[in-house]
Amino acid sequence: MEPSAPALPGPYLIFLGDTTEPGFAKTAFGLRDWARDRCIGEYALAEATVTAGLPRLTPEQAVGKGARALVIGVANPGGFIPDAWVPPLIEAMAAGLDLIGGMHSRLADLSPIREAARRHGRELFDIRTPPPDIPVASGRKRTGRRLLTVGTDCALGKKYTALSIARGLAARGLDATFRASGQTGILIAGEGIAIDSVVSDFASGAAELLSPDAAPDHIDVIEGQGSLFHPSYASVSLALLHGSQPDLFVVCHKPGRERILGHPGYMLPSIEEVIDLTVRNGRLTNPAIRCAGVSLATNELADGEAARLIEETEERLSLPVADPIRGGPAFERLLDACTS
């Protein structure tokens, strides 16, 4: 069984709904940054304060510029489609756009949307739907090499780090594949499995499917999800860790964030705590697991401050530390560690 997604119509108009929290617009930002050529523009309700910086278009204008589908660019807590989104989604279909959703709420399960799709002859794509017949994990050691990104929290660069590492290794001529485990990664890569949509008994089995047996020198770079320290999503993170059987992991962290996103009563763990817990849990399916380095999301820091923090963190941990988006010698050292 190969992890896959249906062929999706593009290019896209990105829908931001009524979002006011940037951390919930990861899909919009991910498509803008990694699949910009497939993004015609963005569309949002008047209440929205978040923007992806794309041209603001109505569905009719987007169709006129060549858009073929509207992608829901928001992943709110619980993954539901609010009632306020239904009229604009129907408007998009009336204008000639198919709908692509990555929410836990399936477009096809909402009768007003399903009926409008039938009436306007449009298609609905729910990419968070896992493939059928996922087996229970076997725990069997697979051939090939694997790297998993893990985090101190949600929404701090696990997908961007995995994409950057896969691209960096490929640029060195190495056989590396990005493996998407969430809806945005699936839209970027064109395949993958949304791990958080799989029944928990089968989630580690889905992670095994995501990175199958491979040639000895092949490297699967697997997109991490959540955090082992997150009160809501730790179970997804643990299933992905056990099923991925990573030889290496990279810890992702956002400097300055002190509390778990959406859970102000929970303090963020230290990077050292994440390394320790990841190694202790990961040894269940790969006794040789080790940390390759750290990825810092320094996009809100000035260049000099980011460079100083990267250097200080590298010295404190005795591990390669980099911001993959900034690149440079620090990221090259992290790539070196990902191949050792």
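Predicted model: local features only at pLDDT ≥ 70, side-chain atom pairs only at ≥ 80, totals over all residues.
Residues are numbered from 1 along each chain as its sequence is written, and side-chain values use heavy atoms, with hydrogens and water left out.

Colleague: Is Val136 buried or exposed?

Modeller: Val136 is found in the loop between β5 (124-126) and β6 (145-151). Buried means under 20% relative accessible area, exposed over 50%, and partly exposed in between, with a 1.4 Å probe and protein chains only. Because its relative accessibility is 54%, Val136 counts as exposed.

Colleague: Which element supplies the largest share of the lining of the second largest pocket?

Modeller: α10 (303-317), β13 (321-322) and α11 (328-338) each supply at least two residues of this lining; helices (H or I, at least four residues) and strands (E, at least two) are DSSP runs, numbered from the N terminus. By class, the lining has six nonpolar, one polar and six charged residues, where Ala, Val, Leu, Ile, Met, Phe, Trp, Tyr, Cys and Pro count as nonpolar, Asp, Glu, Lys and Arg as charged, and the others, Gly among them, as polar. The largest share, six residues, comes from α10.

Colleague: What distance separates the C-alpha atoms of Ser237 and Gln225?

Modeller: Ser237 is found in helix α8 (residues 234-244). Ser237 is buried, because its relative accessible area is 8%. Gln225 and Ser237 are twelve residues apart along the chain, and their C-alpha atoms are separated by 5.5 Å.
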